[in-house]
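This report describes one residue and its surroundings, then the contact between two chains. The sequence and structure are shown first.

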Amino acid sequence: MILFINDVGEEDVLGKNIRSEIIRGLHIRDEIREYNEYENNVQSCEGCFQCWIKTPGLCAIHDDAREINKLTIESDVFLILSKVRYGCYSSYIKRIIDRSIPNRLPFFRVDKYEVHLEQRYTRYPAFIVIGYGDEISDDEEVTFKKLIRANAINLKASVYRGYIIKDSDNIFSVIEDIKRTV
Amino acid sequence: MKKVCFIYGSPKEKNSSSYYFIDSIIKILDSNYVKCNIVRICDALRNEDEFKNIISADKIVIVSPLYLDALPSTVIEFFVKFEKYIKKHNIEKKSVYAVVNCGFIEGNQSNLALDMVKHFARKVDFNWRFGISVGGGEVMLCSRKVISLKGVIKRPVYKALLALKSDIENNITDERENIMTNANITKGLFMFMGHRYWMFMARKNNLSFKDLYRKIY
């Protein structure tokens, strides 16, 4: 199963094209569960830590992030399609990432000499991110790809890939690469 | 008189590491030369009038926690709205700084978040100065009543804040590298203190240590 999160709106021509190719290219082999900014409500994290010290594993806020967190653990691939904002995900996608900490423990582990969070579960999906936009600077692209790698380490992803699409010409090659990965 | 606006990026009211750093920086700035105000990002997102309080300043300091290797979603959302506001109203150049604190002991884990603030500053043609990345933000906050910011343990962080003070109060134009810093404690001690803290909080909520490991899926 592929958990597919995206921020594509009606006016995002490039985003819509990428989304269409993802659905066309991947749905034959795999079930796709999709969550979109304009159809699924996810509030921003309040930093309350209830998901660690009051209701371990469960976020205090009742919205679609709870279901997304559950599906993350049950899926084989966690696929993100996000506008690139200042080298980061869009705010909607970042809300989902921020709200994923219930799937982690508050305790620390050392990975490659750095402190990170321990994982609550034994298995996590492949982490695949496509960033898109037509005004992404080279520096933003570097930051975005480093972010994907850093998140993959923290998410304990089995496999990770990061792509940037700035125009419709290279959509097909990216989707083909994703198909080979998953 | 220089005017500095601190943009407070934590969703919490005041009991946060970010607010502790804002408070600490304001205390070391010379109030004879620098006037400070604080704008909460949550307020600015609800009410665009708050942007006027930001643009009245000459210098902007974004102070934020690190959420999963990056700025919190609310800071990204704020940047998108503020960028539109700046371009619509043709706002003159400001100097931009950032102080990002993370829950892990290594200050360099906030590097990417500092880069994101830099990318925002460049997108709106503001003058990016530099950022400070502080490891072990919660340790700094929790020990604020017993360990002085100027003491041996926290001195590396204090020196970083002094560098910020110097840049804010003077007209320095030389390019500066970001500063990565953390309190003078070992990784092992940091992890031990962190684990003890979470166990203490669990007991406060009538949970056992084993409960914290619960799997719900």
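## Surroundings of S17(B)

In this predicted model, a polar atom of the S17(B) side chain lies 3.1 Å from the backbone oxygen of G137(B). S17(B) belongs to helix α1 of chain B, which covers residues 17–28.

Leaving aside residues up to four places away in sequence, S17(B) touches N101(B), G137(B), E138(B) and L141(B). The relative accessibility of S17(B) is 3%, so the residue counts as buried; the cut-off for buried is under 20%.

## Extent of the interface

The size of an interface is often given as the accessible area lost when the parts come together. For chain B and chain A, the area buried between them is about 4400 Å², with 66% of it on carbon and sulfur atoms. Of the area that chain B buries against chain A, 20% comes from L68(B), W198(B) and Y217(B), more than from any other three residues.

In terms of residues, 45 of chain B are in contact with 52 of chain A.

## Polar and charged pairs

Across the interface of chain B and chain A there is 1 salt bridge. It joins K123(B) to E140(A), and the closest N and O atoms are 2.8 Å apart.

On the side of chain B that touches chain A, at least two residues each come from α4 (73–89), α5 (111–123) and α8 (187–204). The residues of that side comprise 24 nonpolar, 9 polar and 12 charged.

Terms used
Residues numbered from 1 in each chain as written. Chains lettered and ligands numbered in written order. Predicted model: local features only at pLDDT ≥ 70, side-chain atom pairs only at ≥ 80, totals over all residues. Heavy atoms only, no water. Helix = DSSP H or I, 4+ residues; strand = E, 2+ residues; numbered from the N terminus. Buried < 20%, exposed > 50% of the residue type's maximum accessible area, 1.4 Å probe, protein only. Polar contact = N/O pair within 3.5 Å; in protein donor to acceptor, adjacent residues only side chain to side chain. Contact = heavy atoms within 4.5 Å. Buried area = accessible area lost by both parts, 1.4 Å probe. Salt bridge = Lys/Arg side-chain N within 4 Å of Asp/Glu carboxyl O. Nonpolar A, V, L, I, M, F, W, Y, C, P; charged D, E, K, R; others polar.
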